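Dear colleague,

Please find the structure below, with the sequence. My notes on what was found in it follow.

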Amino acid sequence: MSDMAIRMEHVYKKFRKGEIYNSLRDLIPALTGRMFQQRELSEKDRREFWAVQDLSFEVKQGEAFGIIGHNGAGKSTALKMLSRIMRPTKGCMVVNGRLSALIEVSAGFHGDLTGRENIFLNGTILGMSKREIQSKLDQIIAFSGIEEFIDTPVKRYSSGMYARLGFSVAAHVDPDVLIVDEVLSVGDYAFQQKCIERMKEVLRSGAAVLFVSHNLKIVAEFCHRCLLLDKGQTVLMGTPQDVISRYLQKPNGNAVDNNSGPVSISSVRIRNEDGECILFRSGEQVWIDVEIAARRRCNKLSVTLYILDDKLAVIFDTSTDLLGHGEFDLEEGDSYRCTFEVCLNLAGGTYYPSILIYRRDIQTVYDKWEPATTIYISSDGGVRGIANCFPHVIRQQICQASHADAAEIGWNSVVPDLNR
Amino acid sequence: MKEELKELFKYRELLYMITYRDIKVRYKQSIMGFMWAILMPVLIVLSGVIVRYGYAVASHAPLKTADIAGVAVKALPWAFLVSSIRFACLSLISNKELVTKIYFPKEIFPIAAILASLFDFVVASAALVIFLLILRVGWSLYLTWVPALLVTMVLLAAGIGMIVSAAGLYFRDVKFIVEVFLTFGIFFTPVFYDASMFGEKGKWLLLNPMSPMLEGFGACIARHQSPDLHWFAYSLACALLIFLGGYVFFKHLEPGFAESI
């Protein structure tokens, strides 16, 4: 097992919640109080909870491993144990080689020191030797793009410069294991791209990357394997596609349980020619199958499909009614199915198709799944935004100011066929 | 413990960088700059001179240069102990970000605080040498005791520093308690006075492990005598014990730092 980079075996972590005495003034009365009045053991047990339970996984060298889960699922606790900031209550783990964490890239900065001094300070905190930093200093400064201000105290920096400098230092540590925790959610677009580029580079060099994020699109694109945590327990480990769809199913399952209305959505599936999927190409034809069931008799229903972008803005909205199929009635126990055929003319990104059942004349929403599922559109590049209009450049001209007749030449040389 | 020391050695550059940061930040942007290192010892020396003058008047004995030199010599190590323990006590809390985010041996923080104070001590010592030359104290072979006394001093400060920093992380009122002890500690430690002034009862004062060390500095620098060997051995033993005990205590609590801070 020489190519193993991280191994966790049956790791548990217990936290105590509730009152914690953080001053002697509180502790001493509490201790004397405890002596005189015997507390039940169960109360102590109740105050404890397991943040991580029986966590086992392995990551090989050159592998990207993602951990996803809702807030409080134990993702960060797992990473903190791996980076040895916290000690597991039970279990054992092995990390092969130098571990570097892109968690808080500017945690070690001190405002009164200059950018240059902070590079050395943060570099040593991240585990580089002084000589190593010295040799990479020019690269680090160039990468950060703030050569001009490198001898200014960092407290005068803008927050963007701060983050950039922090990241350039962290990016120049050559780790065997790289841990990335939510760092992508704070930066702007360019910063995220830099992070991803860097992670890919690290992967190519044969290191393992452990990646924690709520940004499922990046997880889906980047990770080889994925782990889903819920309340500290492993739900599923497998390919990103499987794990992400399982992660997205969960709230839907709850919605069904909670719904006691007369009509409810029982399933929403999205598929392409090859079957059910969540990762699509821009412009791809997909089918969205909706199944609804009636508990009681209902009239004049229609099914609405709408799509939200990653900022939860509605970018597309239609319904069976609007598409000319009219409203339909359901008897008690009936079920209804419909399929929307949709062309995903969307630019790359994350989108949330959502479904609701609606009766127009009394303005009632019977059931709503928002989002019904999450899809990722991969685009060949070249377009940004939301819509993909599949543009092509069919003519291009360069007008040179110095030669009045240059425009004519440029025109003809790019599209010579036009005149034919 | 061997493993832990090996790891600390591995992180020696970080210790150096954190010490450098602590020193740099303290001297940067302060009007007084290096005078800062001298201010506190000067104040202690001045108050010592006043106290000694009071003794002299009360006992109708003349105020000797050796007495003033003795106060000056003892003021510096005392100022070092006070500032190093104070900074060490806050060192973990004020580096919260690093304690919770990144792994490395955390004893680096209290130790760096002590090394930064040691830097102040060295600066102030240069001033002290000039002062002693003005007083024409002179020198003797007993000065060879100074390194041993310095080691005792640093061990003691580091041990106490590690204990109070770890305790201060768990209990927020530790820093106030430490502050009170540092303020009034000067009355329980022979800085302004000599333990010998109390005659037989003076030995109770020497039980404070800082006392024999301070008396030792006074003896070998100002009075050209050998320190009291028994008491020095006691002081050194206490310092070693506190240092090792403090280190074990710190290392024992360290795994809980990130979740308790």
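In chain A, strand 1 (residues 4–16) and strand 2 run antiparallel and are joined by nine bridges. Within this pairing, A:Val11 lies opposite A:Leu55 of strand 2 of chain A. Please bear in mind that the model is predicted.

The two strands belong to an open sheet of three strands in chain A, ordered 2-1-4, with antiparallel pairing. Strand 2 (48–60) and strand 4 (90–95) of chain A are the edge strands, each pairing on one side only. From one strand to the next, the twist averages 20°.

Chain B has a helix pair to look at. The axes of helix 4 (residues 65–91) and helix 8 (residues 174–188) of chain B come within 10 Å and cross at roughly 175°. Because angles over 145 degrees count as roughly antiparallel, helix 4 of chain B is roughly antiparallel to helix 8 of chain B. Helix 4 of chain B contributes B:Trp78, B:Val82, B:Ile85, B:Arg86, B:Cys89 and B:Leu90 to the contact, and helix 8 of chain B contributes B:Val174, B:Lys175, B:Val178, B:Leu182 and B:Ile186. By class, nine residues of this contact are nonpolar, two are charged and none is polar.

Lastly, the contact between the chains. It takes 26 residues from chain A and 23 residues from chain B. On the side of chain A that touches chain B, helix 1 (24–36) and helix 4 (115–125) of chain A each supply at least two residues. Helix 4 of chain A gives the most, with four residues. That side of chain A has 12 nonpolar, seven polar and seven charged residues.

Regards

Conventions: Residues are numbered from 1 along each chain as its sequence is written. Chains are lettered from A and ligands numbered from 1 in the order in which they are written. This is a predicted model: local features need pLDDT of at least 70, side-chain atom pairs count only at pLDDT 80 or more; totals for chains, interfaces and linings use all residues. Axes are lines fitted to C-alpha atoms, for helices over the stretch in contact, and angles run from 0 to 180 degrees between N-to-C directions. Angles under 35 degrees count as roughly parallel, over 145 as roughly antiparallel, 65 to 115 as roughly perpendicular and the rest as oblique. Two residues are in contact if their C-beta atoms, placed from the backbone, lie within 7 Å. Ala, Val, Leu, Ile, Met, Phe, Trp, Tyr, Cys and Pro count as nonpolar, Asp, Glu, Lys and Arg as charged, and the others, Gly among them, as polar. Two strands pair if DSSP finds at least two bridges between them.
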